[in-house]
Amino acid sequence: MKPAKPTDTVSYVDYERHGLTRELLLSMLRKMMEIRRFEERVERLFLQEGALIGPSHLYLGQEAVAAGAILALNDDDLITSTYRGHGHAIAKGVPLKLLMAELFGKATGTCKGLGGSMHVAIFPEKGSMYATAIVGSGIPIATGVGLALQREGKRRVAMTFFGDGASNTGAFHEGMNLASVWKVPVIFVCENNMYAMSTRADYAVASESIAARAQAYRMRGVTVDGNSVVAVFLAAKEAIDLARNGQGPTLLECMTYKLKGHGVYDKGEYRPKEEIEEWLKRDPIENLEAELLKVNLATQATFAQIEKEVEAEVEESVAFARASPVLPFDELVKYVYVR
Amino acid sequence: MRELTYADALREGLREEMLRDPRVVLIGEEIGVFEGVYKVTRGLLKEFGPERVRDTPISEAAIAGAAIGAALGGLRPVAEIMYMDFLTICLDQIATNAAKMHFMSGGKLKVPFVLRTQYSLGRMHGAQHSQFFPSIFFQVPGLKVVLPSTPHDAKGLLKAAIRDEDPVVFIESGVLYRTKGAVPEEEYVLPLGQCDVKRKGDDLTVVAVSRVVSEALAAAAKLEEQGISVDVIDPRTIQPLDLATIVESVKRTGRLIVASDDVKSGGIGSEIAAAVLEEAFDSLDAPIFRVASPHMPIPFSPALEQAYMPNADKIVQAAKKLVG
């Protein structure tokens, strides 16, 4: 694909017509803030406090994708996530303390400490059905979830997240093709953050764009500014409505950028300085705050209040995780088979 | 009792479960319009419609992945992978996704689906359409692995697999599809994880798997004529493995042969031999022998393929070395 540039943000939105109430916009902001503060705290727990170990892939910088796309869903719709899944889980409403406890490997975590950061987003209680750490492998699984929902006939939809790197796997091709053959109600959300580890998408993706690949499956393919939560929300909503009405899946490519490297220990130093600076100017949270101020839907005091509440919640999650026990090893055998 | 072929017994099992539970859907290549390469799904598209009998493109990873996803979404899918050789194409989905989902979610996720496949050793299908490598699944906790050897077992175990809450790899034998056996008219379900003693004997235990069970029974008949009575045990599932029944038999006979179609090194025989040594070393009167395939790809030429395969004669020869 061509080198990706930050796309222009949505310049004018008729908030009322699109049902973007103040309440909804503030909940988008809050979700993004929760993700940002949670991830920053996780990063400190790894790098400064040495309290966490193992692979962990932060969602910093991509908050608008999870918040925009997931808030466009109904509560009973289902998602699948990946090893970069903290953001999806938070957006779907998984309590921060359960997520943090999982990162600490504690019995109170979302997966009782058996999953870890790469699977922390598994939380079927909130419709977060899976989080795979094998790049691309969640795509055919989402097709199958879509098949079940199609057969159920209650107009529920499935949404699956993956990155630009996943779009180069065979599983992507097989899963997308089958989804289109079966017209299942699935929204395939590609978070194109331009890098698969250090491999640039404009090197490794041979097509014009990732959304363009949808054409090959006679599927809708849409590219949006993934740093604008409003743009992501509106595009996701349209795709969700189509899926709900039996009009098949959409591939939604969200152009975004990681604030940090691939994993928590990676500084991302292979990325050009100018590129980082250009994207830093387009922070998804600052982006929405500026918009809300411009249209008089919030004040700095509103943001400060949200910030305060979120920070308290994040700190509580750390305390909860630290105080929680580890599952006794003898119990693990119970979890290998259902029976 | 009436007789059915192995393929028809499987078909009857699928049909009964589809009638019983609307969540059961079939997913696979050539299973609908073509009615299955070996006709196991004959008539099912007509009876249940394309919503429940889902033909797919040639996309093994998507077949397995979609079955997993459909199970997560509340269905009870039965996916078919046409040849066991093609399992390697979707092994990521089976071994790295399905097998671990219950565990790594702390017991929250359930993926109740069956992955049916078959191996065609003995049908002149050559090196890429005959492979049998079930022992790979000894290394993948979280899966159940079923290997039926008769029409009766095929039906009863398939019904159990479909009702099971865990992912099940169900490996059929291609050469057995046209073989016939007694299958009751009335409904029955067989337990997973229980050996079936196919013949009782006191001098030697032969544990045999899938296609080789009938070879072991033929060998036992020949050995009987020579005054050697053989216990023939079919584990029917290797995950879970009913080791207790095997150990009990070996404690009685003091001698063990494990006979299976897979390659000898690191195979079913290796695992069962090691497990028996741990449990019943003091009861053994002789070494444990494995009768299995040699360490080479499967040759096409019919005569060479026959020479390659385990058979009754090879089991008899091994038995004579043990019972001297």
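In helix 4 of chain B, the buried residues are Asp92(B), Gln93(B), Ile94(B), Ala95(B), Asn97(B), Ala98(B), Ala99(B), Lys100(B), Met101(B), His102(B), Phe103(B) and Met104(B). That makes 12 of 14 residues, so the helix is mostly covered. Buried means that 20 or more other C-beta atoms lie within 10 Å of a residue's own; exposed means 12 or fewer, partly exposed is in between, and C-beta atoms are placed from the backbone. Helices (H or I, at least four residues) and strands (E, at least two) are DSSP runs, numbered from the N terminus.

This is a predicted model, in which local features need pLDDT of at least 70 and side-chain atom pairs count only at pLDDT 80 or more, while totals for chains, interfaces and linings use all residues. Residues are numbered from 1 along each chain as its sequence is written, and chains are lettered from A and ligands numbered from 1 in the order in which they are written. pLDDT is the predictor's confidence in each residue, from 0 to 100. Chain B has a mean pLDDT of 98, and 100% of its residues reach 70 or more. The model's scores are ipTM 0.95 and pTM 0.96.

**Around helix 4**

What do the buried residues of helix 4 of chain B pack against? In chain A, they pack against strand 2 and helix 5 (138–152). In chain B, their partners are helix 3, strand 5 (114–119) and strand 7 (168–173). Just after helix 4 of chain B comes Gly106(B), with a positive phi of about 65 degrees.

**Where the chains meet**

The contact between the chains takes 34 residues from chain B and 36 residues from chain A. Two residues are in contact if their C-beta atoms, placed from the backbone, lie within 7 Å. On the side of chain B that touches chain A, helix 3 (60–72) and helix 4 (91–104) are the elements that give two or more residues. Helix 3 of chain B gives the most, with 9 residues. By class, this side has 14 nonpolar, 14 polar and 6 charged residues. Ala, Val, Leu, Ile, Met, Phe, Trp, Tyr, Cys and Pro count as nonpolar, Asp, Glu, Lys and Arg as charged, and the others, Gly among them, as polar.

Met129(A) lies in strand 2 (residues 128–132) of chain A. Leaving out residues up to four places away in sequence, Met129(A) touches Leu78(A), Ile79(A), Thr80(A), Pro124(A), Val145(A) and Leu72(B).

**Two domains in chain B**

Chain B is assigned domain 1 (3–182) and domain 2 (196–322). Such bounds come from an automatic or database domain assignment. Taken over C-alpha atoms, the domain centres are separated by 26 Å. Their contact takes 25 residues from domain 1 and 23 residues from domain 2. On the domain 1 side, strand 6 (144–146) and helix 5 (151–163) of chain B each give two or more residues. Strand 6 gives the largest share, 3 residues. This side has 16 nonpolar, 7 polar and 2 charged residues.

**The nonpolar core**

The largest nonpolar core has 217 residues. A nonpolar core is a set of buried Ala, Val, Leu, Ile, Met, Phe, Trp, Tyr and Cys residues joined through C-beta atoms within 7 Å. Ile187(A), Val232(A), Leu252(A), Ala67(B), Val206(B), Ile257(B) and Ile315(B) touch the most other members. Both domain 1 and domain 2 of chain B give residues to this core, so it lies between them.

Ile315(B) touches Val206(B), Glu215(B), Ala216(B), Ala219(B), Ile257(B), Ala259(B) and Val291(B), not counting residues up to four places away in sequence. Val232(B) lies in strand 11 (residues 230–234) of chain B. Beyond four places in sequence, its contacts include Val206(B), Ala208(B) and Ala216(B).

**Chain A as a whole**

Chain A has 11 helices and 8 strands. Its radius of gyration, taken over C-alpha atoms, is 19 Å, close to the 20 Å that the globule rule gives for 339 residues, so chain A is as compact as a globular protein of that length. The rule is 2.2 Å times the number of residues to the power 0.38. Buried residues make up 56% of chain A.
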